[in-house]
Amino acid sequence: MARPKKTPLALPQEEGVPAAEVAPILLPSLKGSCFDHPLHQGVLHPVRRRSSPTSAPPPKLSKKPKVHAAGDMFPTDWSPPPVEFLNLKFTSGTSESYVNSLDYLLQEKRELALEQKQEKALVHDCPDLNSLDLDEDEVPLTPEHRLLVERFSVSLQVIPPVHPGETVFLPGRQPQHCILDHSNLKPRSQLEALFLSCPPAQQLSFLHRGLLSNLYLHTPDCPVPLLQWLFQLLTWPPETSSGAFGLLWDLSMDGLFHQTDGDKHWWCPSLQEVMEAFHSLGAHSPALGLQGLCQHSGRVLKNNISLSWSEQQDTPPAIALDISLSYICKFLALCALTQPVAYTDGDLLGLIELLCQAGLDVELRLLPKTDLQQLLLLLLQNIQEWPGKLQQLCCTLSKVSGHHHNLLALVQFFLDVTSRSRQLRSQLSLVIIAQMLDQQEMLPLWEEKAQLSSLSQLLTLMKPSSLRQYLGSETLPPCREQQPKASAELDHKVCYLCYSLLTLAGVVVSCQDITPDQWGDLQLLCLQLDRHVSTHIRESPQAMHWTRLKDLAAQTYIRWQELLAHCQPQAQYFNLWKDNSLRLLAWAGSEQGSRNRRKQRTEARGGPV
């Protein structure tokens, strides 16, 4: 069978050139050549052989190309085409599709630079947009488009998950430079005498190098001025406060283990010293009573000493503040555990107020407060006159902040783990609700058995329309263009307040030990919640904060219904069943008795039974 012969590609003839002078050219199949590019496919055109007076004569047709083997059409004397053949300019008709030249690349670079310049101008809100030759200008919305956008717009106002906080500690604070009062101390060794006679900067070097542990650890009695000095150093940066806290803790524990039953001299910082420490941390609030605290203190320097403070600012201020407060809370917790009667009830109430206000600082909102919560539990347990001090404590804590979300966060500082903390959480939440709704004097808030009934009356005032009326005492702006925005802000405030009040209401109920006598009050609470709060919440796709409030109301209602199911009085629950059972037994007994009497009469007559 004969193989098909490959037809050579014939070139077109040039005008004025005889056909015999045109020789066929065999093109090999080259992989990866310039003809495989997509831009070159389909745009190949026949190449004409140009004739010139100086051109070489064409080859004779009688010569045949040399081949390697039979059937191989690749010539042995083939040479690659010249460079001009590879750098062809491919055209499609009369329009040029692509030109691979330096001028074209420079033109592309200029256009790209112009586009980047226009983008930068747009970012910076260039006022003269026409100079940039833009195709589209900013066109104001038509009334129809504006209504469409307003209909499907979503409000960015949400109920914040974190309370706003209070500015208690000023940023950029610089702790007070404390000195060790060694006027009444007698050195017991040369090293101690050297330490006491050194300036404050060198005394800190003793602390950093651990020499103070060799001096005072495992000694019969540690000097109190040294403990006071270490306590004030807890307000310094972590590089210093960590060493001061470690030494203070070791010295206190060593003194605790070595004291006898009759020896109760164990140093605890006073309320005044704790307030001085807070003042050194940057507290400025007048409610803390910190003004003029350090005027009569001999342990605080009033001049600026060039210590290592400037070299210890690697830690962020918020983290450094949290570390210092954590050290103070841990040491006070140790004092509260080992010496429950070291503080009077008045000092305990002052400490609780001081710590709660410090915990509401803006910089500490997102940081855990485990040490603070544990200390508050211990301070509550050490109050001698309880629950006599409960009313005073609730009134004091309810005035720590004026924002409802901050007060809610304050209630959550007290964990629901002890009976006193549960009682404080319930009573304080009820007082805050009444304070937010201006009902402190209207209800018997301090009667323990009347808390649920008072809460049911307060629930009727949590209706969104009532809260809007209460908060809308501030008149809306007279300008009509600002009224929609002001109305939306007022709606958000109403929703935000209702969310906090409803959360506090849930705290009041969850901390109650529901008795059979209070079952009816809890049932009334469920009814009031559904009637005055849940049914008056109007959800909207444009205001998702109302949906979140609706979810909270539904969850609270379900939780209270579960309490109703678990705390339902058994006597009331089984009354109906018990009465029906007795009636059934009486009826069955009467039926059996009547049957027996009929049987006896029948037998007496001698008839069939």
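**Helix packing and local geometry in the predicted model**

The axes of helix H8 (residues 238-258) and helix H10 approach within 10 Å and cross at roughly 5°; axes here are lines fitted to C-alpha atoms, for helices over the stretch in contact, and angles run from 0 to 180 degrees between N-to-C directions. H8 and H10 are therefore roughly parallel to each other, a description used for angles under 35 degrees, with over 145 counting as roughly antiparallel, 65 to 115 as roughly perpendicular and the rest as oblique. On the H8 side the contact (heavy atoms within 4.5 Å) involves Pro238, Ser241, Ser242, Phe245, Leu248, Trp249, Ser252, Met253 and Leu256, and on the H10 side Ala320, Ile323, Tyr327, Lys330, Phe331, Leu334 and Thr338. These residues comprise 11 nonpolar, four polar and one charged, where Ala, Val, Leu, Ile, Met, Phe, Trp, Tyr, Cys and Pro count as nonpolar, Asp, Glu, Lys and Arg as charged, and the others, Gly among them, as polar.

The structure is a predicted model, in which local features need pLDDT of at least 70 and side-chain atom pairs count only at pLDDT 80 or more, while totals for chains, interfaces and linings use all residues. Residues are numbered from 1 along each chain as its sequence is written, and side-chain values use heavy atoms, with hydrogens and water left out.

Turning to the protein as a whole, there are 21 helices and two strands; these are DSSP runs numbered from the N terminus, helices being H or I with at least four residues and strands E with at least two. Of the 609 residues, 36% are buried, with buried meaning under 20% relative accessible area, exposed over 50% and partly exposed in between (1.4 Å probe, protein chains only). Among contacts with a separation of 6 or more, 75% are between residues 24 or more positions apart. Met275 belongs to helix H9 (residues 271-280) and, at 12% relative accessibility, counts as buried.

The buried residues of H19 are Trp519, Leu522, Leu525, Cys526, Gln528, Leu529 and His532.

Helix H12 (residues 370-381) buries Leu372, Gln373, Leu375, Leu376, Leu377, Leu379 and Leu380. Their cover includes helix H10 (317-338), helix H11 (345-359), helix H13 (390-397) and helix H15 (419-436).

In the loop between H12 and H13 lies Pro387, which is joined to Trp386 by a cis peptide bond with omega of about 10°. His218, in the loop between helix H6 (211-216) and helix H7 (224-232), has a positive phi of about 65° although it is not a glycine; at 62% relative accessibility, His218 counts as exposed. Asp438, in the loop between H15 and H16, likewise has a positive phi, near 60°, and is partly exposed, with a relative accessible area of 48%.
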